[in-house]
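Visitor: I'm new to this one. Can you put it up and take me through some of the contacts?
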Amino acid sequence: MKKLFFLGIIFFISNSLYALELKGTFYQGNLILGKTEPGSKVFVDTDEIKVSKKGFFVFGLKKDRKNDLLIEVVKNGITNKLTKKIYKKKYQVQKINGLPGKQVTPPKEVYERIKNDNKLISKARSINSDLNFFTSKFKAPLKNSIITGVYGSQRILNGIPKSPHYGLDFAANEGTKIKAMLDGVVTLSKQDLYYTGGKIVFDHGHGISTLYMHMRDVYVKNGQSIKQGDVIGTVGKTGRSTGPHLDVRLNWFGVKLDPASVLDLN
Ligand SMILES: [Zn+2]
């Protein structure tokens, strides 16, 4: 597993001409943090993104993105353009057998429930707040845990190919305390979602959100402000889960990113 995490190493690309700093490697699924002169406008793939008062901005790269990325910074009528090549990530194939059949192909009577769950989650992920917690360094949610599932792996559940796994799974005993990876505001706090069980979504600003899933206990409420390192709940096996573990997710709006791209896991 260890070899995967070199992707999490962060470096700076500086270009003084552009007054533009980019932190993060341009691998598929990664989060990229940028800083430019305050008052600049920033466009990614021609879409304008939010720039903080101090000049920070953030965006993410889709899991299967192949084409180059275009960044434009506009200040005082001058446009600077930068094109970045996107590096491919190798994704694993993960087979999981022995799941209860109804968890792999849900029964009709829960379709409505799943639809409602998805609505709540996508609403939380679409928030575009001015919070700027995303500029801080993330910390791992659990200590001394083993990674049992990585981002992008194709899952074959009971022999049926499913959508890729977008989270990072940490195996831990049920009841282990989970700590917030970053300062944030709770935008969703639920005990019993069909797939993901006990779940929390945090907003960190500019479309960056994190998700914690399969929790046994959820200690936070909607709208609550949380500090990095605060205990937010405990590890469980609620929802679709073969055993106790924590699954964390990272998003830039609807784009599902690799949590390992922001965590120092070695
Ligand atoms: Zn998972």
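Guide: A place to start is a pair of residues: R155 and D169 are both buried, where buried means under 20% relative accessible area, exposed over 50% and partly exposed in between, with a 1.4 Å probe and protein chains only. This is a predicted model, where local features need pLDDT of at least 70, side-chain atom pairs count only at pLDDT 80 or more, and totals for chains, interfaces and linings use all residues. Residues are numbered from 1 along each chain as its sequence is written, and side-chain values use heavy atoms, with hydrogens and water left out.

Visitor: What do R155 and D169 form?

Guide: A salt bridge, with the closest N and O atoms 3.2 Å apart. The term means a side-chain nitrogen of Lys or Arg within 4 Å of a carboxyl oxygen of Asp or Glu. R155 lies in strand β11 (residues 154–157) and D169 in strand β13 (residues 168–171), so the pair ties together parts 14 residues apart in sequence. Strands here are DSSP runs of E, at least two residues long, numbered from the N terminus.

Visitor: Why do such side chains pair at all?

Guide: Side chains of opposite charge can pair when their charged atoms come close.

Visitor: How many salt bridges are there in the whole structure?

Guide: A search finds twelve. One of the pairs is D183 with K227, whose closest N and O atoms are 3.3 Å apart. That pair links distant parts of the chain, 44 residues apart: D183 is in the loop between β14 (177–179) and β15 (184–193), and K227 is in the loop between β18 (225–226) and β19 (231–235).

Visitor: Is D183 buried or exposed? And K227?

Guide: D183 counts as buried because its relative accessibility is 18%. K227 is exposed, with a relative accessible area of 51%.

Visitor: Which residue does E72 meet in a salt bridge?

Guide: K81, at 3.8 Å from N to O. E72 counts as buried at 13% relative accessibility, while K81 counts as exposed at 51%.

Visitor: New topic, sheets. What order do the strands of the open sheet come in?

Guide: Four strands form it, in the order β5-β4-β7-β8, with antiparallel pairing. The edge strands, β5 (47–49) and β8 (78–84), each pair on one side only. Two strands pair if DSSP finds at least two bridges between them.

Visitor: How many bridges join β4 and β7?

Guide: Four, in the antiparallel sense, between residues 41–44 of β4 and residues 69–75 of β7. V44 stands opposite I71 in β7.
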